[in-house]
Amino acid sequence: AEAAQDLHAFCGKGRVYSYSTVYETPAGYSEYQPYTVALIKLDEGPLVSAQLTDVNNDDVHIDMPVEMVTRKIKEEGENGLIVYGYKFRPVLEEVKK
């Protein structure tokens, strides 16, 4: 039997490790084209892949600080089922009080 796996919570912040802008999109994603996908190196070390959001594709660069957000991924079917998931955006500047 396989050993039990430990759960680990991540802070949701990291940096762009690598990226590519998608111009020819798969079916169901044409409303988002072009869009950028990236490998994100999380602050804790692992790499995750994700779409970038809230950023101009030309402004994306290696080592750009990013944070995870929940966003609409796509709509499916006649009833318009909305699928949500995680994406990453540039880190917002903190408002100083």
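A polar contact is a pair of N or O atoms within 3.5 Å; within protein, one atom must be able to donate a hydrogen and the other to accept it. In this predicted model, the backbone nitrogen of leucine 92 lies 3.4 Å from a polar atom of the glutamate 67 side chain, and that distance is within the 3.5 Å limit.

Glutamate 67 belongs to strand β4, which covers residues 65–76. With a relative accessible area of 12%, glutamate 67 is buried, because the cut-off for buried is under 20%. Apart from neighbours within four places in sequence, glutamate 67 is in contact with Gly12, Lys13, Lys87, Phe88, Arg89, Pro90, Val91 and Leu92.

Glutamate 44 can be set beside this residue. Glutamate 44 is in the loop between β2 and β3 and is partly exposed, at a relative accessible area of 35%. The side chain of glutamate 44 reaches the backbone nitrogen of cysteine 11 at 2.8 Å. Not counting residues up to four places away in sequence, glutamate 44 touches His8, Phe10 and Cys11. From glutamate 44 to valine 66 the separation is 22 residues in sequence and 13 Å in space, C-alpha to C-alpha.

The strands come next. Strands of a sheet pair through backbone hydrogen bonds, either parallel or antiparallel. Here five strands form an open sheet with antiparallel pairing, in the order β3-β2-β1-β4-β5. The edges are taken by β3 (47–51) and β5 (81–90); each has a single partner strand, so one side of each lacks a neighbour in the sheet. On average, neighbouring strands of this sheet are turned by 30° against each other, direction ignored. Within the sheet, β1 (residues 13–22) and β2 (residues 35–42) are joined by eight bridges in the antiparallel sense. Glycine 14 stands opposite leucine 42 of β2.

The nonpolar residues can now be placed. In soluble globular proteins, nonpolar side chains tend to be buried together. The largest nonpolar core in this model has ten residues: Val16, Ala38, Ile40, Leu42, Ala50, Leu52, Val60, Met64, Val66 and Phe88. Strand β2 gives the most to this core, with three residues. A second, separate core has five residues, among them Val22, Tyr29, Tyr35 and Ile73.

Valine 16, a member of the largest core, is found in strand β1. Its relative accessibility is 2%, so valine 16 counts as buried. Leaving aside neighbours within four places in sequence, valine 16 is in contact with Ala38, Leu39, Ile40, Leu52, His61, Ile62, Asp63, Met64 and Val66. One of these residues, isoleucine 62, is 46 residues from valine 16 in sequence but 5.2 Å from valine 16 in space, C-alpha to C-alpha. Methionine 64, also part of the largest core, touches Gly14, Arg15, Val16, Leu52, Asp59 and Pro90, not counting residues up to four places away in sequence.

Phenylalanine 88 ties several of these points together. Phenylalanine 88 is one of the residues of the largest core and is among the contacts of glutamate 67. A search of the whole structure finds one aromatic pair. The pair is formed by tyrosine 86 and phenylalanine 88, with 6.2 Å centre to centre and 90° between the planes. Because planes over 60 degrees apart count as edge-to-face, the pair falls in that class. Phenylalanine 88 is buried, at a relative accessible area of 2%, whereas tyrosine 86 is partly exposed, at 41% relative accessibility.

Note on methods:
Residues are numbered from 1 along each chain as its sequence is written. This is a predicted model: local features need pLDDT of at least 70, side-chain atom pairs count only at pLDDT 80 or more; totals for chains, interfaces and linings use all residues. Side-chain values use heavy atoms; hydrogens and water are left out. Two strands pair if DSSP finds at least two bridges between them. Helices (H or I, at least four residues) and strands (E, at least two) are DSSP runs, numbered from the N terminus. Axes are lines fitted to C-alpha atoms, for helices over the stretch in contact, and angles run from 0 to 180 degrees between N-to-C directions. Buried means under 20% relative accessible area, exposed over 50%, partly exposed in between (1.4 Å probe, protein chains only). Contact means heavy atoms within 4.5 Å. Rings of Phe, Tyr and Trp (its six-membered ring) pair if their centres lie within 6.5 Å; planes under 30 degrees apart count as stacked, over 60 as edge-to-face and the rest as tilted. A nonpolar core is a set of buried Ala, Val, Leu, Ile, Met, Phe, Trp, Tyr and Cys residues joined through side-chain atoms within 4.5 Å.
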